Amino acid sequence: LLFGPEPDITAPPTETHSASAPPMTPPSGMLRTNQAAIDIIKESEGLRLDAYQGPGGQWLIGYGHAAGVTAGQVITEQEAEDYLRRDLVAFENGVKSKLTRPVSENAFSAMVSLAYNIGGGNFTNSTVLREVNAGNMAQAADAFLMWNKMNGAPSSHLTQRREEERALFLK
């Protein structure tokens with residue numbers, strides 16, 4: 001794993017839509033996932049206090065936390081929040097390490113949300129990252145919408161999440 005768990009999400013198609021570029025800010029090691037992205041993650045992942053198996057068979061708990069989770073494990077809501085915050089640091093660091101251009105806090109946060117869901121390896125190889133690093137912010141925003149499939153089929157849940165991430169990226 002490059003910087004997080006790899007869920008079972010298939011590669012996206014190549015369709016795009018138009019968008020305008022978000023404002024840019026200087027690169028900063030201080031960029032953190034903002035509350036808007038955390039809200040997207042929490043709503044999309046849902047809160048599960050009992051361990052469950054994800055689509056790929058991996059044990060998960062809380063808001064999709066994977067590391068060290070075992071069958072039968074039970075946590076509190078506070079532990080789920082703590083796991084999420086720690087997991088986000090890993091994804092923030094992973095996204096930061098792959099960026100070659102400055103981005104806004106909203107764009108950064110949207111990319112962390114995407115990476116949290118699709119995994120670090122998929123994010124590293126994504127059109128989103130490639131277009132951001134090329135300075136093509138509108139194309140990068142549109143590329144979020146490519147990641148709406150689960151097991152090769154479009155998912156209304158993932159489509160909604162990608163639309164929310166795209167909107168945050170452009171904000």
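**Helix packing and the nonpolar core**

In this predicted model, Val-132 touches Leu-99, Arg-101, Val-103, Met-111, Met-137, Ala-140 and Phe-169, leaving aside residues up to four places away in sequence.

Me: What makes these residues count as touching Val-132?
Reply: Contact means heavy atoms within 4.5 Å, and Leu-99 and Phe-169 are among the residues that touch Val-132.

Me: Which residues have the most contacts inside the largest nonpolar core?
Reply: They are Val-95, Leu-99, Val-103, Met-111, Phe-123, Val-132 and Phe-169, in a core of 40 residues. Two or more residues come from each of H1, helix H2 (77-98), helix H3 (105-118), helix H5 (127-133), helix H6 (137-143) and H7. H3 gives the most, with 9 residues.

Me: Why are H1 and H7 called roughly antiparallel?
Reply: The axes of helix H1 (residues 35-45) and helix H7 (residues 156-170) cross at roughly 180 degrees. Angles over 145 degrees count as roughly antiparallel, and therefore H1 and H7 are described that way.

Me: Which residues of H1 meet H7?
Reply: Ala-36, Ala-37, Ile-40, Ile-41, Ser-44 and Glu-45 do, against His-157, Arg-161, Glu-164, Glu-165 and Leu-168 in H7. The residues of this contact divide into 5 nonpolar, 2 polar and 4 charged.

Me: How do you know how H1 is oriented to H3?
Reply: Their axes come within 9 Å and cross at roughly 25 degrees. Angles under 35 degrees count as roughly parallel, so H1 is roughly parallel to H3. The crossing of H1 past H3 is right-handed. Ala-37, Ile-40, Ile-41 and Glu-45 in H1 meet Ser-109, Ser-113, Tyr-116 and Asn-117 in H3.

How values were computed:
Residues are numbered from 1 along each chain as its sequence is written. This is a predicted model: local features need pLDDT of at least 70, side-chain atom pairs count only at pLDDT 80 or more; totals for chains, interfaces and linings use all residues. Side-chain values use heavy atoms; hydrogens and water are left out. Axes are lines fitted to C-alpha atoms, for helices over the stretch in contact, and angles run from 0 to 180 degrees between N-to-C directions. Helices (H or I, at least four residues) and strands (E, at least two) are DSSP runs, numbered from the N terminus. Angles under 35 degrees count as roughly parallel, over 145 as roughly antiparallel, 65 to 115 as roughly perpendicular and the rest as oblique. Ala, Val, Leu, Ile, Met, Phe, Trp, Tyr, Cys and Pro count as nonpolar, Asp, Glu, Lys and Arg as charged, and the others, Gly among them, as polar. A nonpolar core is a set of buried Ala, Val, Leu, Ile, Met, Phe, Trp, Tyr and Cys residues joined through side-chain atoms within 4.5 Å. Buried means under 20% relative accessible area, exposed over 50%, partly exposed in between (1.4 Å probe, protein chains only). A crossing is left-handed if the near helix is turned anticlockwise from the far one by less than a right angle, and right-handed if clockwise.
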